[in-house]
Protein chains: 2
Amino acid sequence: MDGGQIAAVRRFNRTVTAAAGALTDAYLDEDLSLGAARVLWELARLVDTEGGAPVALRLVRDELDLDPGYLSRVVARLAAAGLLASAVDPTDARRRLVAPTDAGRARIEVYDRRSDALAAGRLAPLTAGARARLVAAMGEVERLLAASSVAIDEVDPETDDAQHCLRAYYAELDERFDVGFDVTASLPVRPEEVRPPAGVMLLACEHGRAIGCGSLKFHGEAPAEIKRLWVDRAARGLGVGRRLMDELENRARAAGCRAVRLDTNASLVEAIAMYRARGYVEIPPFTDEPYADYWFEKRLD
Amino acid sequence: MDGGQIAAVRRFNRTVTAAAGALTDAYLDEDLSLGAARVLWELARLVDTEGGAPVALRLVRDELDLDPGYLSRVVARLAAAGLLASAVDPTDARRRLVAPTDAGRARIEVYDRRSDALAAGRLAPLTAGARARLVAAMGEVERLLAASSVAIDEVDPETDDAQHCLRAYYAELDERFDVGFDVTASLPVRPEEVRPPAGVMLLACEHGRAIGCGSLKFHGEAPAEIKRLWVDRAARGLGVGRRLMDELENRARAAGCRAVRLDTNASLVEAIAMYRARGYVEIPPFTDEPYADYWFEKRLD
DNA sequence: CGATATCTGTGACTAAAGTCAAAGGATGGA
DNA sequence: TCCATCCTTTGACTTTAGTCACAGATATCG
């Protein structure tokens, strides 16, 4: 990467933080500090993502990464102002459940209206065309920034995150294949087959959320086999699949494999295009996978 | 503008401030607080823009909008650490001149290297194509954000900013016209002609820097005349010209004019395209302007 | 059951960031 | 020359944000 790009990122950061800094003003409050207002706002967001039920204070602490003593006091202040209600968790009396009250919701409304006004003020001077271009460019920056914060790590195939990805993968196959997809009819991949030393499973995570996976089964000197490659629909087109493939191939190469193989279904057209673009070539069937239509191999020079 | 756009701007602000927040880490310093580090950095920037000579502390205060007491202490701390040198201004003993020392410059180098590393870390996980798209989108956001912070205000034609724009305008004409441009050969526009009540002059400013101008000469009931419309090259394509024209036409309409007129040179193709797009139609010459090739009029319904 | 770990709350701090008022020296205009 | 104004410094605060250690209640594991 060249220095011009680095300079561009830095210039962008400077401009945009200055512009977005004004956003802080939206959270100014007569009787609440900025920190308290932020906790209230984030709490409401957490409660909403959890379906509206009160959330454990512990979750808030983890999410915002705050000191327990500090958070305890902030919560006490919010409760005293009547903006937040808390109660002991009936399933675990050590925990405390918190949720914003109606008054708290009303306060958040105020912040939101002010934030909207600031955003609208940003857009107002622009012509409709420029406005559309700005919003589009912002979306692009956001998507790519999200992509750049995706980390790829080795994981045990029996962890919750890994299982979540596999379930999502099966669900998508079931939806896309004309005949549906039944895991039990497919060739099984047992956890121990994709766990060292027999294999490896990789997870792509964005801010701790698993959004993709891929695994590798070693066959000694013979070509290693790539299995269960999947990327969340919302994260496609950002190179996550490519990065997973890169890393899987690297692992195979490091393990001394001369080639990697995989099988795939004809309806997975984007995946097939990616395999071909990466140098995979079609070979005769090497598995009895009932859902497979194509078999590919790539030599790892 | 629709709510989706506002929501997009807000989402963008949230994402990007979080991402850029990490940038703060670049300014962490063993023996300097964040605020002090920032003052040092901004001071160096100011000194550089002023051509390397020490700048008045007063200027720093205005630029960063700090409390005099606070700044005084920060500067004292920086001076004690040997990062900044200060001296009484020989031309005005109330003022103090400050500049970073070599040690201060070295410290800033450290911040810059860390900032670069953070920016590079942002880009590293992306493929070359995604990287280029990100940098391009960041540039677009920056440009449009800059455009949205352009303010258009009425100004006296004899202020420095107005004169600066006119000089830049003449210089550009001289460069673009085949025969060059000589102000004294052109029809004069005296200040009082574009100052109320005879006329009006508008200035487009971005963060206090003048980047465009335009003026209007009233002729009673007869069509008003638009003169000296100019936008800085770096700010073109952002709708600044369009906004200046909008405002000039509004002023003419408010003054009871039924139409506006202007003359222009054949080499100013973008301007001519804009006039046509805005509904200006060619009319017979109504001035003796030697540099004019086209005369346009627009009816203000 | 007991040991150990977990979650929250309390007390006691600290550093940073900033505000306000007043003072002292310097300047510029009447 | 005098007076109002300007720039900087100093002292005396305040608020915010956060840290650290520990206590008390509760849960979990062996």
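Me: How many salt bridges does the rule find across the interface of chain B and chain A?
Reply: Happy to start there, bearing in mind that this is a predicted model. One case pairs the side chains of B:Glu140 and A:Arg133, with N to O at 3.7 Å. That pair counts because the cut-off for a salt bridge is 4 Å. Across the whole interface of chain B and chain A, the number found is eight.

Me: Which helix gives the largest share of the side of chain B that touches chain A?
Reply: Several helices supply at least two residues each to this side of chain B, namely α1 (3-21), α2, α5 (102-123), α6 (128-148) and α8 (240-254). The largest share is 15 residues, and its source is α6(B).

Me: How much area do chain B and chain A bury between them?
Reply: Good one to check! The contact involves 50 residues of chain B and 50 residues of chain A. Carbon and sulfur atoms carry 69% of the buried area, and the total is about 5,000 Å².

Me: Which element gives the most residues to the surface near DNA strand C?
Reply: Let's begin with some phosphate contacts. A phosphate oxygen of DNA strand C sits 3.2 Å from a side-chain N or O atom of A:Ser72, and another such distance, to a polar side-chain atom of B:Tyr70, is 3.3 Å. Elements giving two or more residues are α3 (57-64) and α4 (68-80) of chain A, plus α2 (34-49) and α4 (68-80) of chain B. With four residues, the top contributor is α4(A).

Terms used
Residues are numbered from 1 along each chain as its sequence is written. Chains are lettered from A and ligands numbered from 1 in the order in which they are written. This is a predicted model: local features need pLDDT of at least 70, side-chain atom pairs count only at pLDDT 80 or more; totals for chains, interfaces and linings use all residues. Side-chain values use heavy atoms; hydrogens and water are left out. A polar contact is a pair of N or O atoms within 3.5 Å; within protein, one must be able to donate a hydrogen and the other to accept it, and residues adjacent in sequence count only if both atoms are side-chain atoms. Contact means heavy atoms within 4.5 Å. Buried area is the accessible area (1.4 Å probe) that two parts lose on being put together, summed over both.
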